[in-house]
Amino acid sequence: MEIKSLAAELSGNTYPGRGIVLGKSKDGKNAVIAYFIMGRSVNSRNRIFEANDRGGIRTKAFDESKMEDPSLIIYNPVLKLDGKTIVTNGDQTDTIYDFMQEGHCYRHALLTREFEPDAPNYTPRISGVVKPNGDYVLSILKSNMGKPECLRFFYEYPAQSGLGHFIHTYKCDGNPIPSFEGEPTPVEINGDIDSFTDMVWTNLNEDNKVSLFTRFINLETGEEETRIINKNK
């Protein structure tokens, strides 16, 4: 597959929905993580990211008085366990965390889950795990071409300097919104955490973007640098 420009992939799509990028920095020193959320409704846009107490982040209503239904929009997108970082677009983060804590793998956890119950969109559940050595896995649980039948796909990648993989919930905007198609997209990873964060945020659609989380994890020391950007302030 051709390695794509992440900036071009983002700027060329007004509504990829929620997205995960996992990879390795060009200098080979850091595992790289990005997770973003977008929204079309008032309820979806009324969110921020904030740190949680398990090494990651949670979503939170920016204005509690405007919160309508928290079931699919309030969750822990990022959690850490035994040096591994779990990143997902829903409460399956906790499912993976619980299964891994009991000695199982992320696949076992996701076999108990399926796409979100938001017909007719059936929003896919996308998930990733970054290992201490920088290798990573990605998964998508999606409907069968719009039918309420769950298809599960799992991908495993060795960390390669300057390379990442990008998966998102929606192929593009629409009504109903079409699910992501194909394998995760190989993308270039460039720059330090600040330039990388700025590139992702700048290229997300201005009207629909809501929040962005990025993290660089030093593969020798385990030290982390994290950035959080919220459109709501």
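Student: Where is Ser25 found relative to β1 and β2?

Tutor: Strands are DSSP runs of E with at least two residues, numbered from the N terminus. Ser25 lies in the loop between β1 (19-24) and β2 (30-38). The model is predicted, with local features needing pLDDT of at least 70, side-chain atom pairs counting only at pLDDT 80 or more, and totals for chains, interfaces and linings using all residues. Residues are numbered from 1 along each chain as its sequence is written, and side-chain values use heavy atoms, leaving out hydrogens and water.

Student: Is Ser25 buried or exposed?

Tutor: Buried means under 20% relative accessible area, exposed over 50%, and partly exposed in between (1.4 Å probe, protein chains only). Ser25 counts as buried because its relative accessibility is 1%.

Student: Which residues does Ser25 touch?

Tutor: Contact means heavy atoms within 4.5 Å. Not counting residues up to four places away in sequence, Ser25 touches Asn30, Val32, Ser161, Gly162, Ile189 and Phe216.

Student: How should I read the covering of strand β10?

Tutor: In β10 (residues 163-168), 6 of its 6 residues are buried. Leu163, His165 and Ile167 point one way, whereas Gly164, Phe166 and His168 point the other way.

Student: Which strands pair with β10?

Tutor: Two strands pair if DSSP finds at least two bridges between them. β1 pairs with β10 in the antiparallel sense over 5 bridges, and Ile20 stands opposite Ile167. β10 also pairs with β11 (residues 185-188) in the antiparallel sense, over 4 bridges; there, Leu163 stands opposite Glu188.
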